[in-house]
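Hi,

Here is the structure I promised to pass on. Have a look at it first, then read my notes below with the model open beside you.

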Amino acid sequence: QVQLVESGGGLVQAGGSLRLSCAASGSILRMDAMGWYRQAPGKQRDVVARITRDGSTNYASSVKGRFTISRDNAKNTMYLQMNSLKPEDTAVYYCNADLFTGGIWVPFLNWGQGTQVTVSS
């Protein structure tokens, strides 16, 4: 099974930027979609952004206009450029491959360790 490793997190002041990377151990070219998720303390893991195989993107309303998802199939890597960060963006960020089944997108690979993003006010 493809393994995923997230990196690029850190501590940043509000208004700052970070770029997260998601490196896959195998090809992501055949994946229906790749997604970034985040989980804040005491909250459920939610999708932040998703990019499909044809390059279509969608974002959670809370990050639209501030975050940009992209993928480099040749490098088997996905990115999340995060600008204008807010304290409420603080969370552990994860990536996964998504499968469209039963009318919804479902992450289907084992979760990695994630990368911590902390935004100070």
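Before we start, one bit of sorting: Ala, Val, Leu, Ile, Met, Phe, Trp, Tyr, Cys and Pro count as nonpolar, Asp, Glu, Lys and Arg as charged, and the others, Gly among them, as polar. Also keep in mind that this is a predicted model.

With that sorting in hand, let's take the largest pocket. The lining splits into five nonpolar, four polar and four charged residues. The pocket's volume comes out at about 180 Å³. It is lined by 13 residues, and those closest to its centre are Arg 38, Ala 40, Lys 43, Asp 46 and Glu 88. Which strand gives the most to this lining? That is S5, with three residues. S4 and S5 each supply at least two residues of the lining.

Now for the core. The largest nonpolar core has 28 residues, and the members that touch the most others are Met 34, Trp 36, Leu 80, Met 82 and Tyr 93. Several strands each bring at least two residues to this core, among them S3 (18-24), S4 (33-39), S8 (77-82) and S9 (91-101). As a rule, nonpolar side chains in soluble globular proteins tend to be buried together. Click on Tyr 93 and look around: beyond four places in sequence, its contacts include Leu 20, Trp 36, Val 48, Phe 67, Leu 80, Met 82 and Val 117. Tyr 93 also touches Glu 6 and Arg 38.

Tyr 94 counts as buried because its relative accessible area is 11%, and the cut-off for buried is under 20%. Tyr 94 and Tyr 37 are 57 residues apart in sequence, yet their C-alpha atoms are 5.0 Å apart in space. The contacts of Tyr 94 beyond four places in sequence include Glu 6, Trp 36, Gln 39, Arg 45 and Trp 111.

Gln 39 turned up in that list, and it belongs to strand S4. Is Gln 39 buried, exposed or partly exposed? Its relative accessibility is 26%, so Gln 39 counts as partly exposed. The side chain of Gln 39 has a polar atom 3.1 Å from the backbone oxygen of Lys 43, and a polar contact of 3.5 Å links it to the side chain of Arg 45. Gln 39 and Ala 91 are 52 residues apart along the chain, with their C-alpha atoms separated by 5.2 Å.

Asn 96 is in strand S9. With 0% relative accessibility, Asn 96 counts as buried. What does the side chain of Asn 96 reach at 3.0 Å? The backbone nitrogen of Leu 109. Leu 4, Met 34, Tyr 37, Pro 107 and Phe 108 are among the residues in contact with Asn 96, leaving aside neighbours within four places in sequence.

Thr 77 is part of strand S8, and at 10% relative accessibility it counts as buried too. A polar atom of the Thr 77 side chain lies 2.8 Å from the backbone oxygen of Lys 75.

Key. Residues numbered from 1 in each chain as written. Predicted model: local features only at pLDDT ≥ 70, side-chain atom pairs only at ≥ 80, totals over all residues. Heavy atoms only, no water. Core = buried A, V, L, I, M, F, W, Y, C linked by side-chain atoms within 4.5 Å. Buried < 20%, exposed > 50% of the residue type's maximum accessible area, 1.4 Å probe, protein only. Helix = DSSP H or I, 4+ residues; strand = E, 2+ residues; numbered from the N terminus. Contact = heavy atoms within 4.5 Å. 1 Å grid on protein atoms, 1.4 Å probe; cavity = no way out; pocket = protein on both sides within 12 Å on 5 of 7 lines; lining within 4 Å. Points joined across faces, edges and corners; volume = space filled by probe spheres on them. Polar contact = N/O pair within 3.5 Å; in protein donor to acceptor, adjacent residues only side chain to side chain.
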